[in-house]
Amino acid sequence: MAHDHEARGYDDKKDDYLKRLRRIEGQARGLQRMVEEDQYCIDILTQVSAMTKALQSVSLGLLDDHLNHCVVDAARAGGAESEAKIREASDAIARLVRS
């Protein structure tokens with residue numbers, strides 16, 4: 001879901017997030033190689049776990065940025081925008097908990 005805003009809550013950390021996501025992308029390629037090379041199942045699962053934790057870390061950082069920027073700004077403004085941002089954040093948290 002795209003939103004038109006001038007600034008994002010993660011703007012000051014964008015380079016860090018991109019670096020971490022590129023590292024995760026490399027982990028995914030490494031996992032593909034491990035399967036192609038018929039590596040031991042437990043070794044692959046260990047790497048899947050590491051990649052999952054890395055993605056969760058990015059998710060939690062983005063959520064924190066969103067709460068501290070977008071939700072706080074909307075709460076200050078009040079009204080329907082505030083309610084929508086809080087619902088949006090709650091839905092995002094629910095998706096993260098289920099994943």
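**Helix packing, up close**

Tutor: Helix α1 passes α2 in a left-handed crossing. Keep in mind throughout that this is a predicted model. The α1 stretch covers residues 14-36, and its axis comes within 10 Å of the α2 axis, the two crossing at roughly 160°. Anything over 145° counts as roughly antiparallel, so α1 is roughly antiparallel to α2. As for what sits in that contact, sorting the residues by class gives 15 nonpolar, four polar and three charged.

Now slide along to the other partner of α2. Helix α2 spans residues 41-77 and helix α3 spans residues 79-98; their axes come within 8 Å and cross at roughly 165°. That angle is again over the 145° cut-off, and therefore α2 and α3 are roughly antiparallel to each other. The handedness here is left-handed too: that is how α2 passes α3. On the α2 side, the contact is made by Ser59, Leu63, His66, Leu67, Cys70, Val71, Ala74, Ala75 and Ala77. Facing them from α3 are Gly79, Glu81, Ser82, Lys85, Ile86, Glu88, Ala89, Ile93 and Leu96. Split by class, the residues of this α2 and α3 contact come out as eleven nonpolar, four polar and three charged.

One residue of that set is handy for zooming in. Ser82 belongs to helix α3, and it is among the residues that α3 brings to the contact with α2. Is Ser82 buried or exposed? Its relative accessible area is 10%, and the cut-off for buried is under 20%, so Ser82 is buried. If you set aside its neighbours within four places in sequence, Ser82 is in contact with Ala74 and Ala75. Both of those alanines are on the α2 list for the contact with α3.

Last stop, the aromatics. How many aromatic pairs does the structure hold? There is one. The partners are Tyr10 and Tyr17, with ring centres 6.3 Å apart and ring planes at 85°, so the pair is edge-to-face. For the angle, the cut-off is over 60°.

Terms used. Residues numbered from 1 in each chain as written. Predicted model: local features only at pLDDT ≥ 70, side-chain atom pairs only at ≥ 80, totals over all residues. Heavy atoms only, no water. Axes fitted to C-alpha atoms, helices over the stretch in contact; angles between N-to-C directions. Helix = DSSP H or I, 4+ residues; strand = E, 2+ residues; numbered from the N terminus. Parallel < 35°, antiparallel > 145°, perpendicular 65-115°, else oblique. Left-handed = near helix turned anticlockwise from the far one by under 90°. Contact = heavy atoms within 4.5 Å. Nonpolar A, V, L, I, M, F, W, Y, C, P; charged D, E, K, R; others polar. Phe/Tyr/Trp six-rings, centres within 6.5 Å; stacked < 30°, edge-to-face > 60°. Buried < 20%, exposed > 50% of the residue type's maximum accessible area, 1.4 Å probe, protein only.
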